[in-house]
Amino acid sequence: MANISEKMNADLNKQIGEELESAYIYLGMAAWFEERTLDNLANWFNKQASEEFAHAMKFKSHILERGGSVHYPELREQKQDWAGIMEILEATLEHEQHITSKINEIYELALEIKEHSSIPLLLWFIKEQVEEEDNAMSLIDKFKGYKNEFNFDHHVKRKE
Ligand code: MG
């Protein structure tokens, strides 16, 4: 007997897809940077993709811990051609805002159906999204300060 409602199970499976699609988007961006030898940016986005994969696995583990069932949804092809760095950075922020809204919807569902066991996980993601949006905004602000894309790339550092 599952300790997770069908609705929560289904929404978390959908969110696994959102996180994997995020990884897919960031891999495409990383490749765009790699093609232009903007290696620090490529590294930043490749690491971001790994983090998104870890997010998907975090949802997967929670579903399994609650005796639910995991279903990986079909992934859609993502945009891979960009007009320039600013377009990528703005798309990153916009995408993270989209993910935030998805997490918030699941959190609201948990409150509505009193699925308390999912709340700590969702609060972790709510906090994570504050960081993700802040990271994206910081890149945008930093880029505005550099006229040359290689100078910008040189100053993009990522801890993990
Ligand atoms: Mg994520």
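**Close-up views of a predicted model**

**View 1. The cavity of the model.** The count comes to 1 cavity of 30 Å³ or more in this predicted model. The volume of the largest cavity is about 40 Å³. Its lining is made up of Y26, W44, Q48, T92, E96, E132, N135 and A136. Helices α2, α3 and α4 are the elements that give two or more residues to this lining. The most comes from α4, with 3 residues. By residue class, the lining of the largest cavity divides into 3 nonpolar, 3 polar and 2 charged residues.

**View 2. The ring pair F59 and F125.** In the model, 8 aromatic pairs are counted. In one of them, F59 and F125, the ring centres are 4.1 Å apart and the planes are at 15 degrees; planes under 30 degrees apart count as stacked, so this pair is stacked. F59 belongs to helix α2 (residues 39-65) and F125 to helix α4 (residues 119-144), so the pair links distant parts of the chain, 66 residues apart. F59 counts as buried because its relative accessibility is 0%. F125 also has 0% relative accessibility and counts as buried.

View 3. Y26, W32, F33, W44 and F45 are linked into a cluster by ring pairs. Two members of the cluster, Y26 and W44, are also among the residues that line the largest cavity. R36 lies over the face of W32, another ring of the cluster. The distance from R36 to the ring centre of W32 is 3.9 Å.

**View 4. K79 over W82.** A lysine, K79, lies over the face of the W82 ring. K79 is 4.8 Å from the centre of that ring.

**View 5. Helix α3 and the residue K114.** Helix α3 covers residues 85-112, which is 28 residues. From its first C-alpha to its last, α3 reaches 41 Å, close to the 40 Å expected at 1.5 Å a residue. Just after α3, K114 takes a positive phi of about 55 degrees. Helix α3 is also one of the elements that give two or more residues to the lining of the largest cavity.

Conventions. Residues numbered from 1 in each chain as written. Predicted model: local features only at pLDDT ≥ 70, side-chain atom pairs only at ≥ 80, totals over all residues. Heavy atoms only, no water. Phe/Tyr/Trp six-rings, centres within 6.5 Å; stacked < 30°, edge-to-face > 60°. Helix = DSSP H or I, 4+ residues; strand = E, 2+ residues; numbered from the N terminus. Buried < 20%, exposed > 50% of the residue type's maximum accessible area, 1.4 Å probe, protein only. Lys NZ or Arg CZ within 6 Å of the ring centre and 35° of its normal. Expected span 1.5 Å × (residues − 1). 1 Å grid on protein atoms, 1.4 Å probe; cavity = no way out; pocket = protein on both sides within 12 Å on 5 of 7 lines; lining within 4 Å. Points joined across faces, edges and corners; volume = space filled by probe spheres on them. Nonpolar A, V, L, I, M, F, W, Y, C, P; charged D, E, K, R; others polar.
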